[in-house]
Amino acid sequence: MMKYKKTIATIAIAAAFGTGIVLADNNTWQGSPNLSHTRSIIDQLGDKLTAQSNKITSLSTQTTTAQNQLTDAQNNVSNMQSQLTSLQNQLTQAKDQLTQANNQKQQELQQKQQEIQQKIDEINQKIAEGNQKVADKQKELDGVQSQLSEANNKASQLQNQLNGAQQKLNEANNKNSDLQKQLDNALQDAKDTEAHAQSVLNAHQQ
């Protein structure tokens with residue numbers, strides 16, 4: 001404001017003394033109209049200055065408001081940046097936790113896979129042992145079947161021999177039966193002959 005007042009005073013002096021030589025006539029100040037005009041100019045300039053001052057004050061207020069808004073916006077940006085940093089840290093921690101959880105789950109999965117593989121190996125071992133036992137039993141069965149086949153062959157041979165012996169026994173029995181009949185007949189003939197001879201002897205003794 002002091003700057004603008006000095007400007008107005010400079011303009012007023014220039015207007016007052018810039019019209020040429022000042023003359024006095026009948027105690028009349030010849031520069032009075034010029035001063036009136038100058039005062040009018042000064043008033044106009046004061047009005048303009050006031051308008052400019054008001055405008056400057058308004059702009060200053062607007063500037064202050066804008067500065068405050070800018071400060072608020074900067075604070076908001078700073079807060080948002082802090083929130084972003086916090087979220088990024090949380091995201092990093094979440095990723096780390098997820099990675100750690102995935103690693104733990106991966107280890108658990110590998111352990112389970114190892115346990116399952118171990119069970120599979122044990123089952124395969126049991127199957128191999130069972131197959132070996134089956135093979136051994138099959139071998140024993142083959143041996144028994146072979147022995148049974150040999151026994152059956154021997155039994156068949158013995159049965160054949162027994163059948164032959166039975167046939168020979170039957171033939172011998174038949175022959176014995178025939179010889180027995182012949183012996184019985186011969187014995188009967190001998191008895192009849194003896195009786196006949198005794199009868200003849202008895203007839204001659206009389």
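The questions and answers below cover layout, confidence, surface and salt bridges.

User: What ground rules apply to this model?
Analyst: This is a predicted model: local features need pLDDT of at least 70, side-chain atom pairs count only at pLDDT 80 or more, and totals for chains, interfaces and linings use all residues. Residues are numbered from 1 along each chain as its sequence is written, and side-chain values use heavy atoms, with hydrogens and water left out.

User: In what order do the elements run from the N terminus?
Analyst: Helices (H or I, at least four residues) and strands (E, at least two) are DSSP runs, numbered from the N terminus. The protein has 2 helices and 2 strands. Their order is α-β-β-α.

User: Which element has the highest mean pLDDT?
Analyst: pLDDT is the predictor's confidence in each residue, from 0 to 100. The protein averages 76, and 79% of the residues score at least 70. Strand 1 (residues 24-25) has the lowest mean among the elements, 44. The highest, 81, belongs to helix 2.

User: How many contacts does the model have for residues 11-29 beyond four places in sequence?
Analyst: A contact means heavy atoms within 4.5 Å. Over residues 11-29, pLDDT stays under 50. Where pLDDT is low, the predicted coordinates should not be read in detail. The count for residues 11-29 is 13.

User: What share of the residues is buried?
Analyst: Buried means under 20% relative accessible area, exposed over 50%, partly exposed in between (1.4 Å probe, protein chains only). The protein exposes about 17,700 Å², with carbon and sulfur atoms supplying 54% of it. Areas come from the Shrake-Rupley method with a 1.4 Å probe; for residues, only the protein chains shown count as cover. Of the 206 residues, the buried share is 4%.

User: How many salt bridges does a search of the whole structure find?
Analyst: A salt bridge needs a side-chain nitrogen of Lys or Arg within 4 Å of a carboxyl oxygen of Asp or Glu. Lys105 pairs with Glu108, and Lys112 with Glu115. Lys137 pairs with Glu140. The search finds 3.

User: How far apart are the closest N and O atoms of Lys105 and Glu108?
Analyst: Both residues lie in helix 2 (residues 32-205), 3 residues apart, about one turn of the helix. Lys105 counts as exposed because its relative accessibility is 55%. Glu108, at 35%, is partly exposed. The N to O distance is 3.9 Å.

User: What is the N to O distance between Glu115 and Lys112?
Analyst: These two also lie in helix 2, 3 residues apart. Glu115 has a relative accessible area of 36%, so Glu115 is partly exposed. The distance is 3.8 Å.
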